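Visitor: Hi, could you walk me through this one? I have not looked at it before.
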Amino acid sequence: MSLWLAILLGGLITYLTRLSFIALFGLRQIPAWLQRALRFVPTAVFSAIILPELLLQDGKLDFSQNYARLIAGLLAILVAWRTRSILLTLLVGMAALLLLQALF
Amino acid sequence: MQPPRSQEFWAGVRAELPLLIGVFPFGMIYGALALESGIPPGTTQAMSSIVFAGSSQFITTQLVELSAPGLVIIFTIAIVNLRHLLYSASVAPHLQRLSPAWKGLLAYLLTDEAYAVTITHYAQDDNLGNKHWFFLGSGLALWLTWQISTASGILLGAIIPPEWPLDFTLTLTFIALVVPQIKDRASLAAALAAGIAAVLAFSLPFKLGIFTAALLGILLGLLLERKP
């Protein structure tokens with residue numbers, strides 16, 4: 001199979017995954033339990049993306065690494081919680097990471 | 001009173017801007033790596049608009065380098081992108097009244113980064129009708145950045161040194177968007193469970209860890225919400 005065909009089919013499946021519920025939801029009523037579950041989608045998915053970024057080094061828990069990303073991330077969580085500002089969270093988090101990387 | 005369409009559109013573009021700082025180097029590295037793995041420039045660029053999903057494109061370059069069969073590539077792309085099923089379900093109620101053409105277009109633009117800012121916008125407690133223009137603005141801003149950064153990576157190589165931790169801006173923006181949404185015990189439990197499970201399940205093949213961990217977090221949130 002050519003790479004082109006693989007990319008086209010992989011892209012088609014990705015598109016259908018993205019379209020799935022958007023296309024189907026117009027057809028019938030959304031069950032109440034599903035509506036309640038959907039409230040947790042952003043929180044759950046992004047937590048599942050964020051935490052490995054803070055804790056893992058090359059996909060592993062490595063206790064000998066420096067914890068620059070973890071500490072900067074925890075600081076950013078604190079700033080996001082207190083200020084709800086994307087800009088401040090970005091600035092404090094990046095400043096902390098750069099500082100910690102320079103120190104260690 | 002609805003905000004005008006153009007106002008919603010540009011608000012979406014502006015909301016997307018902080019994420020683009022992290023996306024641009026990511027796209028450049030993808031372009032450079034794809035060439036190194038032997039994928040021709042035209043195919044590399046086309047993949048950024050046909051598949052249009054960063055992590056699955058990265059994995060594809062690795063698979064090509066290993067001369068993996070086409071079926072393995074297709075299967076891997078499909079599994080890595082499973083989490084978009086959750087995004088689709090999550091935005092679907094808000095798009096119900098739109099025309100099929102709008103639904104088709106917005107589904108194409110439903111990436112991690114566009115979803116992150118759009119769902120936060122939809123979650124605000126006003127019932128205004130033009131929010132799909134916000135979605136379009138954030139989605140197109142990301143799409144354009146992804147195409148240009150891929151092209152820059154193809155033409156120039158990854159000129160931003162990889163040791164610059166610009167990718168961290170993406171993580172930080174996700175933090176800034178998610179933390180304010182944690183308002184009660186159930187959502188805190190969902191966040192912690194999904195995060196910890198994702199760390200533990202990180203070595204699962206095809207990045208299945210994120211999808212599985214998210215499902216676990218959603219389930220725990222639902223259970224705790226029932227028994228206040």
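Guide: A word on terms comes before the tour: helices (H or I, at least four residues) and strands (E, at least two) are DSSP runs, numbered from the N terminus, and the expected span of a helix is 1.5 Å times one less than its number of residues. This is a predicted model, in which local features need pLDDT of at least 70 and side-chain atom pairs count only at pLDDT 80 or more, while totals for chains, interfaces and linings use all residues. Residues are numbered from 1 along each chain as its sequence is written, and chains are lettered from A and ligands numbered from 1 in the order in which they are written.
Visitor: OK, how many residues does helix H3 of chain B have?
Guide: Helix H3 of chain B, residues 54-65, has 12 residues and reaches 17 Å from its first C-alpha to its last, close to the 16 Å expected.
Visitor: And which residues of H3(B) are buried?
Guide: Gly54(B), Ser56(B), Gln57(B), Thr60(B) and Thr61(B) are buried, meaning that 20 or more other C-beta atoms, placed from the backbone, lie within 10 Å of a residue's own.
Visitor: Where do they sit around the axis?
Guide: They cover an arc of only 165°, which puts them on the same side of H3(B); the arc is that of the directions from the helix axis to the C-beta atoms.
Visitor: Switching topic, how is chain B divided?
Guide: Chain B has domain 1 (5-166) and domain 2 (182-228), with bounds from an automatic or database domain assignment. The centres of these two domains of chain B, taken over C-alpha atoms, are separated by 23 Å.

Technical notes:
Buried ≥ 20, exposed ≤ 12 C-beta atoms within 10 Å, placed from the backbone.
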